[in-house]
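Biologist: I would like to learn how to read charged and aromatic side chains in a model. Please give the general idea, then the case.

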Amino acid sequence: MYARAAATTAALLGAGALVLPTATATAQTPAPSAAGHDRPLVVAHRGASAYAPENTFAAIDKARDMGFRWVENDVQRTKDGELVIVHDDTLKRTTNVEEVFPDRAPWKVADFTAAEIAKLDAGSWFSPKYAGQRVPTLKQYMRRVSHNHQKLVFEFKKPELYPGIEEQGLRILRNEGWLDKHHVKSKLVIQSFSADSVKTVHKLRPDVKTGFLGTPSVAELPEYARFADQINSTHTSISAAYVSAIHALKGPHGKPLEIFTWTVNDAPGAKRAAGFGVDGIITNTPDVVRKALRED
């Protein structure tokens, strides 16, 4: 399976399409900072996923309608090399794949073509109200985010399953207009739980803002600051001292390292994280977090 995926990606990408000349990359204005926005930023996790099915158009449209500019997503790859927006590496939880393809267990994303996935209902599991929502391709998703005038925390999910996904994802972002100076400066962060994936993105596009998902030890932070602009940790793993240690370092763009914490879905948690000094809060309930922050 992985060999097929790698071969497909190689065919899609061609050679050397994404690496910028060094002078161009280093001259680029650093990517977005929480400075100049409400602090901390509120990011709608997989869209407003408490109120609409995650990673669908409905979820990012709901975030837009609630007044939230920043959304987060998850990117994986199909059997025939299409990038799609889905969190799990199986389709079981968030679609009707068991009903449509009952003999295809364990229903891995990588075992289905884009055309097969496009047939699935990605909304009814959440509510009958959302019947007919689909799993978007990355191209479709980026066009919707652009239409909504939103900004994106883009996550490569389980990149170890999809060799070359970073190059492919960057190519699509570029083709959709998301790697121009304006988007790179103020509208895009690319993150992953895989340090190797984040390093790859930074190597290919050193102008793009990157985030590492995890909680490295304080002693390890200087190494991560070489390729990540953010350390994005679960809210249960951080403290004021840890946030201060992050802010004391500078990332690869010469700006203070940042932290977006996740997944904070209640008012006490939001106030606690804000009290630590985090730069962003990723949440399924952005309205709850916003209200809590405004009460302080």
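Modeller: A salt bridge is a side-chain nitrogen of Lys or Arg within 4 Å of a carboxyl oxygen of Asp or Glu. Keep in mind that this model is predicted.

Biologist: Which side chain of opposite charge is nearest to Glu 72, and how far away is it?

Modeller: That side chain is Arg 46, at 4.8 Å. A salt bridge needs a distance within 4 Å, so Glu 72 has no salt bridge, although Glu 72 is buried.

Biologist: Where is Glu 72 found, and what is it in contact with?

Modeller: Strand β2, residues 70-77, holds Glu 72. Leaving aside neighbours within four places in sequence, the contacts of Glu 72 include Arg 46, His 45, Asn 55, Tyr 141, Glu 155 and Gln 191.

Biologist: How is a pair of aromatic rings described?

Modeller: By the distance of the centres and the angle of the planes. The whole structure has seven aromatic pairs. In one of them, the ring centres of Phe 212 and Tyr 224 are 4.6 Å apart and the planes are at 40°, so this pair is tilted.

Biologist: Which parts does the pair of Phe 212 and Tyr 224 tie together?

Modeller: Phe 212 lies in strand β6 (residues 209-213) and Tyr 224 in helix α10 (residues 221-224), so the pair ties together parts 12 residues apart in sequence. Phe 212 is buried, at 8% relative accessible area, and Tyr 224 is buried, at 17%.

Biologist: Which rings does Arg 104 lie over?

Modeller: The charged end of Arg 104 sits over the ring of Phe 101, 5.2 Å from its centre. Arg 104 also lies over the face of Phe 112, 4.1 Å from the ring centre.

Conventions
Residues are numbered from 1 along each chain as its sequence is written. This is a predicted model: local features need pLDDT of at least 70, side-chain atom pairs count only at pLDDT 80 or more; totals for chains, interfaces and linings use all residues. Side-chain values use heavy atoms; hydrogens and water are left out. Helices (H or I, at least four residues) and strands (E, at least two) are DSSP runs, numbered from the N terminus. Buried means under 20% relative accessible area, exposed over 50%, partly exposed in between (1.4 Å probe, protein chains only). Lys and Arg count as positive and Asp and Glu as negative; His and the chain ends are not counted. Contact means heavy atoms within 4.5 Å. Rings of Phe, Tyr and Trp (its six-membered ring) pair if their centres lie within 6.5 Å; planes under 30 degrees apart count as stacked, over 60 as edge-to-face and the rest as tilted. A charge sits over a ring if NZ of Lys or CZ of Arg is within 6 Å of the ring centre and within 35 degrees of the ring normal.
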